[in-house]
Amino acid sequence: MLYGVQDLYAVQCRLMSERSTPYGTRRGPGRRLDETRVVDAALAVLDEGGAGALSIRAVAGRLGVLPNALYTYIADRAALERAVAERLLAGADLTVLEDPAVAPRDRLRAYALALRTTLLAHPGGAALLMTAPMDGPTALQVGELLLGALIETGMDDGDAARGVY
């Protein structure tokens with residue numbers, strides 16, 4: 001007899017501890033993606049091909065995964081566009097709109113220039129911002145700050161709301 005019962009039991013225990021979790025199943029591969037990486041890849045696709053090139057399939061190809069792998073992080077194309085729009089809007093300095101010591105027209109001009117700088121770095125972003133869902137937290141914050149600044153310039157509420165839209 002090559003191995004005794006005790007030896008086989010010890011080998012089995014060692015193998016099980018190497019290949020199992022506390023729940024007794026093997027772990028799958030670690031996650032390679034997260035929402036930040038997906039949005040980074042989407043921005044790269046946007047930069048290379050413009051707003052028309054942005055798709056789940058294109059972003060998945062850029063990341064080297066199948067398209068269905070992205071649905072854990074991004075629900076659909078609209079959510080992808082929303083996430084990219086949020087990233088673009090967050091790239092412009094929002095603090096320039098918040099300073100009450102600065103005249104509202106100067107705040108609006110400073111934000112427009114900050115957003116322009118961001119969009120120059122991502123040329124396809126301007127077209128995307130015209131069509132993407134703008135209901136994320138940064139978009140809402142930008143809208144509120146723009147609305148406040150426009151009202152401070154003397155616009156009536158309706159005109160200011162249309163100006164923000």
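Predicted model: local features only at pLDDT ≥ 70, side-chain atom pairs only at ≥ 80, totals over all residues.

Trainee: Okay, and which helix does arginine 107 lie in?

Mentor: Arginine 107 is part of helix α6, which covers residues 104-121.

Trainee: Is arginine 107 buried or exposed?

Mentor: Arginine 107 counts as buried, because its relative accessibility is 3% and the cut-off for buried is under 20%.

Trainee: What does arginine 107 touch, leaving out residues up to four places away in sequence?

Mentor: Its contacts are Val96, Leu97, Glu98, Asp99, Pro100, Val102, Ala149 and Glu152. Leucine 97, on that list, is also the residue whose backbone oxygen the arginine 107 side chain reaches.

Trainee: Which residues make the contact?

Mentor: From α8 they are Gly143, Leu146, Leu147, Leu150 and Ile151, and from α9 they are Asp157, Ala160, Ala161, Gly163 and Val164. By type, the residues of this α8 and α9 contact are seven nonpolar, two polar and one charged.

Trainee: And in which hand does α8 pass α9?

Mentor: The crossing of α8 past α9 is right-handed.

Trainee: How about α2 and α3, at what angle do those axes cross?

Mentor: At roughly 110 degrees, with the axes of helix α2 (residues 35-49) and α3 coming within 9 Å. Therefore α2 and α3 are roughly perpendicular to each other.

Trainee: Which residues meet there?

Mentor: Arg37, Val38, Ala41, Ala42, Ala44, Val45 and Glu48 in α2 meet Ala58, Val59, Arg62 and Leu63 in α3. The residues of this α2 and α3 contact divide into eight nonpolar, no polar and three charged.

Trainee: Last one: where is tyrosine 73 found?

Mentor: Tyrosine 73 sits in the loop between α3 (56-63) and α4 (77-91). Its side chain reaches the backbone oxygen of leucine 33 at 3.2 Å. The C-alpha atoms of tyrosine 73 and threonine 36 are separated by 9.2 Å, while the two residues are 37 residues apart along the chain.

Trainee: Great, thanks!

Key:
Residues numbered from 1 in each chain as written. Heavy atoms only, no water. Left-handed = near helix turned anticlockwise from the far one by under 90°. Helix = DSSP H or I, 4+ residues; strand = E, 2+ residues; numbered from the N terminus. Contact = heavy atoms within 4.5 Å. Nonpolar A, V, L, I, M, F, W, Y, C, P; charged D, E, K, R; others polar. Polar contact = N/O pair within 3.5 Å; in protein donor to acceptor, adjacent residues only side chain to side chain. Buried < 20%, exposed > 50% of the residue type's maximum accessible area, 1.4 Å probe, protein only. Axes fitted to C-alpha atoms, helices over the stretch in contact; angles between N-to-C directions. Parallel < 35°, antiparallel > 145°, perpendicular 65-115°, else oblique.
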